[in-house]
Number of protein chains: 2
Amino acid sequence: MNPDIVKERKNATFDVEKLTFILDGGPEKTRRRREIESLVFSDPDFKEEDPNFLSRSERYDQAVRKSAQMILKLREYGIADPEEIYHYKSMVKGNIPEPLDLHLGMFLPTLLNQATPEQMDRFFMPAWTLKIIGTYAQTEMGHGTHLRGLETTATYDPATQEFVLNSPTVSSIKWWPGGLGKTSNHAIVLAQLYTLGNCHGLHAFIVPIRDMNTHLPLPGIVVGDIGPKFGFNEVDNGFLKLENVRIPRENMLMKYAKVEPDGTYVKPPSTKLTYGTMVFIRSMIVAESARALAKSSTIAIRYSAVRHQSEIRPGEPEPQILDYQTQQYKLFPLLATAYAFTFVGQYMRQTYHRITEDINQGDFSEMPELHALSAGLKAFTSWEATSAIEVCRMSCGGHGYSRSSALPDIYVEFTPTCTYEGENTVMMLQTARYLVKSYKQAKAGQQLSGIVSYLNEADVRRVQPQPVAARPTVVDINDLTSLTEVYKLRAAILVELAAKSIQQELQRRKSQEDAWNNSAIDLVRASNAHCHYVVVKLFTDKLGEVADTAVHSVLSTLALLYTLYGITKNSGDFLQVSKIIIVPQVMQISSRIKELLAQLRPNAVALADAFDIHDKKLNSVLGRYDGNVYEHMFEWARKSPLNATEVHESFHKYLKPLRSKL
Amino acid sequence: MNPDIVKERKNATFDVEKLTFILDGGPEKTRRRREIESLVFSDPDFKEEDPNFLSRSERYDQAVRKSAQMILKLREYGIADPEEIYHYKSMVKGNIPEPLDLHLGMFLPTLLNQATPEQMDRFFMPAWTLKIIGTYAQTEMGHGTHLRGLETTATYDPATQEFVLNSPTVSSIKWWPGGLGKTSNHAIVLAQLYTLGNCHGLHAFIVPIRDMNTHLPLPGIVVGDIGPKFGFNEVDNGFLKLENVRIPRENMLMKYAKVEPDGTYVKPPSTKLTYGTMVFIRSMIVAESARALAKSSTIAIRYSAVRHQSEIRPGEPEPQILDYQTQQYKLFPLLATAYAFTFVGQYMRQTYHRITEDINQGDFSEMPELHALSAGLKAFTSWEATSAIEVCRMSCGGHGYSRSSALPDIYVEFTPTCTYEGENTVMMLQTARYLVKSYKQAKAGQQLSGIVSYLNEADVRRVQPQPVAARPTVVDINDLTSLTEVYKLRAAILVELAAKSIQQELQRRKSQEDAWNNSAIDLVRASNAHCHYVVVKLFTDKLGEVADTAVHSVLSTLALLYTLYGITKNSGDFLQVSKIIIVPQVMQISSRIKELLAQLRPNAVALADAFDIHDKKLNSVLGRYDGNVYEHMFEWARKSPLNATEVHESFHKYLKPLRSKL
């Protein structure tokens, strides 16, 4: 164990284990998580080569092997709870996406939700036993976010009682689905349904794409891998071109909408039914943002504790990087953010389950709010995390750039969340739509409830800009309740500004749509402020649940740092819009932040430790629990494939012959 | 040619070629650049496989082949001007770093600057003809920024008249030098010189590391590749462990400092001599930031012109992404930044050459300012560009994540500039040191000249915070001169605040060093504001040189967007610190920015075109000049190595056997 990191742990003022319990949701959850993780840890079947040393084809190969292994073991051990599967999987894969993700996460669930009993018989069990391996083919080369724009067609032919599927253009080729390129033999294909000369919009069809025995593409199917990406090297994201592919009528997923044998189209009873999955996945991304950031900040903080560099006082030994104020200012607010997002993730999961139960009881009332919240928070947290990971990486100096740090991998595996499951700007605008609608309702005299109740007329009117002198300074910069109020007011005013911008555009005789587009910057800004407020509020609320005094104290410091940091980073908003904060306070806040950094310094490593991310899962030379960074970096480097031979063949092929030519 | 992009080009209000001339520095420069680029373009010897489809070893192999080829051709064509070499090289490599970069860029120049005539005979010609291939081994595993912390030792042994080189610890192993792992047979090693029992600090030694014939490592040398990184896949960044390696006394670079045969140490006449190279390289990084951003915004803007998505008005065809206000808000300020940084790069090059001439005449007076400016601007521009590239990538939706977009490669090849040649935070603090020093001089009554003259007492006093009511609103938000003044005042106040923070710390009886560290956040903030001011000023100054009315008009709009965008993004600073801008103006500025976005919309593609980046150099499916994105993306994907066989072997190895087990 590195002596610096031992010293750090000795200096901590709280019991790390107790905080881990809070993060996991209780001691029992922590125990069970560790138990499941250790199943993998001690399993020789999961030995692997560092993917960084493999070619893409080898990486794919190793991932398929491990996925197959994992499915066997999960069934063998009888692990079936989604959360426990998650822990097992993340220990096997270190959260690296893999070829069977869409089979397990989309193909099987879609069958469960949308297949008829007859289809369940034909497809579900074969898929459960991996005879059928499926993917979910929605996005096309030219179409992502806007589902109505998808071009793939499924035209019903009553003569043969078949659907004929086609990719009519290059831009209609299915593009991106994971596992589509090489792994799957079936795909659920989203296509525009045509029957009896009418288009009925998007529907889902089960399309066999490869021969069950030879795995060769079936006639009319052009399928393959879309080529290397920033990350996702293990996944065969694929393309699929359909050329007059015929499937039986019964392969349309017909639990809700139907096409009768004669071609008659039968509408689904409701369109709200697919709502839930989207909300669920977006809520999961919030938790994923927290995890990615927890990992990155664990690595950066531990390494900053053992890394010595430069000098603060001449003649003295090089200090730990963590003693530099600039390093603390880079990392501690991100550590606080990782905690904030963890708690937001917990809240989203609980809320999702609560509201799902309401929905099962026929109560849809909270659904729009949850939908708006999950969209905005998905965008807010994934944007924050994606840039924060890079701050962590760069705070590690050059070594952050080495694959041995794990930081490049965390980044490339995480950053797609800003785009998939709803592109972030589009998400922010969806939330804005809800906010503006709520604002208008409040204006019209309706009393709002829930998280947008701050938009109620009385509240908004209370914060109208007034001459500075007229208002007393009421904000206590050490009081989280008071600060949460400030965030709330900022959100309220920015929503109002966005709504007014739309109003002004309409007065200039713009159409509703152009008015919206011409206010989009303000709308995104308003959503962002709303989400920021929600995060601050949930972090503050969480403190109320923490009983242990020492843990409560350090978490309060973190929450205060998160909150004050957010004000300084957006001080223009706070000064300009709500005028709730005044200039001298922003100065005070800057000083206070410096104090908080110093206050957190002795607990920094312990706060990272509390995330309890196993070395094997972290997989980072810089972030090792024991702090013995350099020895292991050397060991890792020597295994680099370029070191397999002392002399690379290029010397004999190019460099030596060059001598005679110059 | 894609009809959308044709339409865009028709709508441009200015002559693209004229703007290209300005960016290149004149029509003759543009002509010569294109001539040199076409030499490569038409050369079958530079045909290559897409590196994205190769293993790391194959990428290295291909890079060595092309580098060798390139050196032959450059000498054959007699291209010797550094700028022309740059153009040739960037066409061969698309700015991807390569194994011989340090040989050409550091080893040869260091010999030229620091070798004695005898050493020039022994080393320079063999290196020129690539018998000797060298690298520059400075950084160690545990030591980067702080040179005095380097641990490698070179101990003089008078008995044999040799130096004995050692890596005494794991953290002292040389780490990161490009070309060190597999390519070089010599290294210039920076080591602590010990002679006659005294340490004389860092000196440079020429150390043979591999046998000239077999290329095998020499005795006492442990050398290899440091393993895969985020990018730089073509480069064998290496490690070097020295175990009692003996080199003749004459292998110390002794143009300045010397060790006599008896071990007597002779000091160098001046320590300022290596100053220049550092300044030069940092200035180059400013230009590199501009280029990386020019590339990224070219790709994102062209793709946004041909990509249609979602709907603004229901029922109408999907609009070009470029018509969305949020997309414009993401991309146009970055386009403006690319222009700004290009002009800053031009200024830095000119200034460097001017001051170098002064120095050759013995006039060192402007050196400190240039040093401070190059450090800060290196950090400012590389930070801005590194995050901007990612904004461009994410603005392309999912396809930005594909390697075919080139954006992932631009990012990973560029982002190391934030760390190397002076870590950015350290750079900002160096600039801050100069600013605070200047501020104190001004306080002490000295009249400052040059770019920091705004710190002169009278000027600073003029902008002291005053009650709002007492000051008239003087800023014209459409006038660049007036806005430049605002940026200047912000910088002045932030420098003053940082200086005052140090003062306060000292009053609390902190040491000078701790006071500095405890004010580091403020110092970085002050440097940042200073650099931002310089960029705004240089962009504004540049407009004065533009004669063509149409070009002047569009560049002015860009400059105004850059300037106003900077104010909104930092509105807290402007509201809080200088109080020069007041709240209603920030609101006005937000509206004005929307107008500028709309104004720039018809010229966006033309402004990207003006960078004149050849398709072969851009190497992006999304950024193609002809806009025919999707056909080429499909073509590219089909070449992916995973598509070499229809059925991947993993199906037979793992997936098929799994069926019988489940």
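Predicted model: local features only at pLDDT ≥ 70, side-chain atom pairs only at ≥ 80, totals over all residues.
Chain A is built from 23 helices and eleven strands. Its radius of gyration is 27 Å, close to the 26 Å that the globule rule gives for 662 residues, so chain A is as compact as a globular protein of that length.

The interior and the surface of chain A can be described in the same way. Of its 662 residues, 61% count as buried. Among contacts between residues at least 6 apart in sequence, 72% join residues at least 24 apart. The accessible surface of chain A comes to about 24500 Å², and carbon and sulfur atoms hold 54% of that area. As for charge, chain A carries 74 positive and 74 negative side chains, and the centres of these two sets lie 4 Å apart.

One residue of chain A is marked in a record. The unreviewed UniProt entry places the feature "active site" at Glu421(A); such an annotation may be inferred rather than shown by experiment. Glu421(A) sits in the loop between helix H11 (407-414) and helix H12 (424-443) of chain A. Its relative accessibility is 32%, so Glu421(A) counts as partly exposed, a class that runs between the 20% limit for buried and the 50% limit for exposed. Leaving out residues up to four places away in sequence, Glu421(A) touches Ile281(A), Arg282(A), Ile285(A), Lys378(A) and Met427(A).

His530(B) belongs to helix H16 (residues 520-543) of chain B. With a relative accessible area of 3%, His530(B) is buried, the cut-off being under 20%. Beyond residues up to four places away in sequence, the residues it touches are Leu373(B), Thr431(B), Leu435(B), Ile451(B), Val452(B), Tyr454(B) and Ala491(B).

Ile581(B), by contrast, lies in a loop, between helix H18 (571-578) and helix H19 (583-600) of chain B. Ile581(B) has a relative accessibility of 1% and therefore counts as buried. Once neighbours within four places in sequence are set aside, Ile581(B) is in contact with Val475(B), Val486(B), Ile567(B), Phe574(B), Leu575(B), Val586(B) and Ile589(B). Ile581(B) can also be placed relative to Leu483(B): the two are 98 residues apart in sequence, and their C-alpha atoms are 9.8 Å apart in space.

Technical notes
Residues numbered from 1 in each chain as written. Chains lettered and ligands numbered in written order. Heavy atoms only, no water. Helix = DSSP H or I, 4+ residues; strand = E, 2+ residues; numbered from the N terminus. Rg over C-alpha atoms; globule rule 2.2 N^0.38 Å. Buried < 20%, exposed > 50% of the residue type's maximum accessible area, 1.4 Å probe, protein only. Contact = heavy atoms within 4.5 Å. Areas by Shrake-Rupley, 256 points an atom, 1.4 Å probe, with all protein chains shown as cover. Lys, Arg positive; Asp, Glu negative; His and termini not counted. Charge placed at Lys NZ, Arg CZ, Asp CG, Glu CD.
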